[in-house]
Amino acid sequence: MHRSLFSRMIFFICLGFFVSFCGPSPLTHHIRESETQTKMPQEKVSNKICTFSVSTSECFTIKWIKGPKIKVESQFLVELIDPQTAKALQATEVPEFDLWMPSMDHGSAPVTIERASDSEFIVSRVYFIMRGDWVVRLKKGNQVISQLNLELP
Amino acid sequence: MSMRLLVVSVLLLSFRSLTYAASCCGSNVSTPALITTGETSKVQFTYSQSRRYFEVPDNSLPILLENKVDVPKLTLKASQQLSSELQAFAQTGLVDKTSSDTEFGVGHELIFSDTFQTMTWLSHSFPTGSSVYSLKKASDVPTGSGQHSTFIGGQISRIFAWGDVGTSATAGYSWPNKIHNQKIPSQSLSTLSLGIGFNRGPLRFGLQQEVQATSKSLSWPLGLNLSYLNQNKIWVMSYSDETLFGPVRNTNLNRSFSLSFIHRVFK
């Protein structure tokens, strides 16, 4: 009985394996890292983008000081903008930012935020730890106020 | 008898001997250090050296790295027989001088005969390693998942005079967590493994193919190992390669070499 059960189980597991085991090998289907270096990070080209994600009275613009680049520290200057008037917003509180990778469902280490002027802040210790899609999120508590999407090659 | 001891000792080592890594991060769990040969307790040291060859971002072909990333890891596993059928096991490790996640679990032996072996286990992994949320530098390698994870697994194997064949499966669930005001969602994890082993005297050669999947990632590691049994000690050399087979998705692909030493204690 054991032998029969075992044989059937192994047969179906092998069958499942071979049916799904037919994708392209990474050894033959890949691109070289140097080929990705020629691509620019998607948002770096314009360097100043305001993203509205939800109905809110705030958005922000980003000017990259370092990066954005993977596996080294990136740094940016952020300016809070009033979307109604498109003018700089005087921030009484230091805003909250974090990094998120939607395709992987994980974030990164907490960033450091220092005030540069009434409406500007320098965000450092920005660690994009791997390639792919990243989101720089402006948050208030648990709520995401606005976000900037990046594609890092 | 020694041949059979070698077969069953190494069987569980060969199945899921490849670390089960979260797609971005440090390992979540690896082989449960289950007792399979009647010893009362067992201690296992494993040193492994992994080299990352490919990164596979979402919706992209694998990217062949020109600057490979090396990750050394030292793992300690221990297990203790609680009764004739029930046992407890634990494991922890050091990755690049930083601790990895720590796992505790219990195993239950369903069938144990000269020709068949069936085990099940339940384990829980604690996020004691450094996760992506606690990195000191952008180039640091995370050694833990940052989440509690619970696993349930089973293994069935058939032992022949010439060797063994078998299969094992694990399903897991990573619990949601909150770190630095970031909500980390839950994640499902699973592995399925097929293996075959050939023995000659105190030596055993094993080959296994595994599929590792989470809700975000997919990879197909192939493993080879060579084991040597010397009384109550077993030495195992292993090689695993995640770069050979696809499809792969949303993960890093490594090749790794490891050396394990197992010391078994009999009452």
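How many salt bridges does the rule count over all chains? In this predicted model, the count over all chains comes to eleven. The legends below describe close-up views of some of them and of their surroundings.

**Figure 1. A salt bridge within chain A joins Lys139(A) and Asp98(A).** The side chains of the two residues meet at 3.1 Å, N to O. Lys139(A) belongs to strand β9 (residues 132–140) and Asp98(A) to strand β5 (residues 96–101), so the pair ties together parts of chain A that are 41 residues apart in sequence. Lys139(A) counts as buried because its relative accessibility is 6%, under the limit of 20%. Asp98(A), at 8% relative accessibility, likewise counts as buried.

**Figure 2. A salt bridge between the chains joins Arg131(A) and Glu55(B).** The N to O distance between these side chains is 2.7 Å. Arg131(A) is found in the loop between β8 (120–127) and β9 of chain A, whereas Glu55(B) is part of strand β3 (residues 41–56) of chain B; the pair therefore joins two chains. Arg131(A) is buried, with a relative accessible area of 3%, and Glu55(B) is buried, with a value of 2%. Both residues also belong to a network of salt bridges that links them with Glu33(A), Lys71(A) and Arg52(B).

**Figure 3. A salt bridge within chain B joins Arg51(B) and Asp70(B).** The side chains meet at 2.7 Å, N to O. Arg51(B) lies in strand β3 and Asp70(B) in strand β4 (residues 63–81) of chain B, and the pair links distant parts of the chain, 19 residues apart. Arg51(B) is partly exposed, with a relative accessible area of 35%; Asp70(B) is partly exposed as well, with 34%.

**Figure 4. Chain B and chain A bury about 4,400 Å² between them.** Carbon and sulfur atoms give 65% of this area. Ala138(B), Gln182(B) and Leu194(B) supply 13% of the area that chain B buries against chain A, more than any other three residues. In terms of contact, 54 residues of chain B touch 49 residues of chain A. Three salt bridges cross the interface, and 17 residue pairs are in polar contact. On the side of chain B that touches chain A, strand β16 (residues 233–249) gives the largest share, six residues. By class, this side has 27 nonpolar, 15 polar and twelve charged residues.

**Figure 5. Strand β1 of chain A pairs with β4(B).**

Note on methods
Residues numbered from 1 in each chain as written. Chains lettered and ligands numbered in written order. Predicted model: local features only at pLDDT ≥ 70, side-chain atom pairs only at ≥ 80, totals over all residues. Heavy atoms only, no water. Salt bridge = Lys/Arg side-chain N within 4 Å of Asp/Glu carboxyl O. Helix = DSSP H or I, 4+ residues; strand = E, 2+ residues; numbered from the N terminus. Buried < 20%, exposed > 50% of the residue type's maximum accessible area, 1.4 Å probe, protein only. Contact = heavy atoms within 4.5 Å. Buried area = accessible area lost by both parts, 1.4 Å probe. Polar contact = N/O pair within 3.5 Å; in protein donor to acceptor, adjacent residues only side chain to side chain. Nonpolar A, V, L, I, M, F, W, Y, C, P; charged D, E, K, R; others polar. Pairing = 2+ DSSP bridges.
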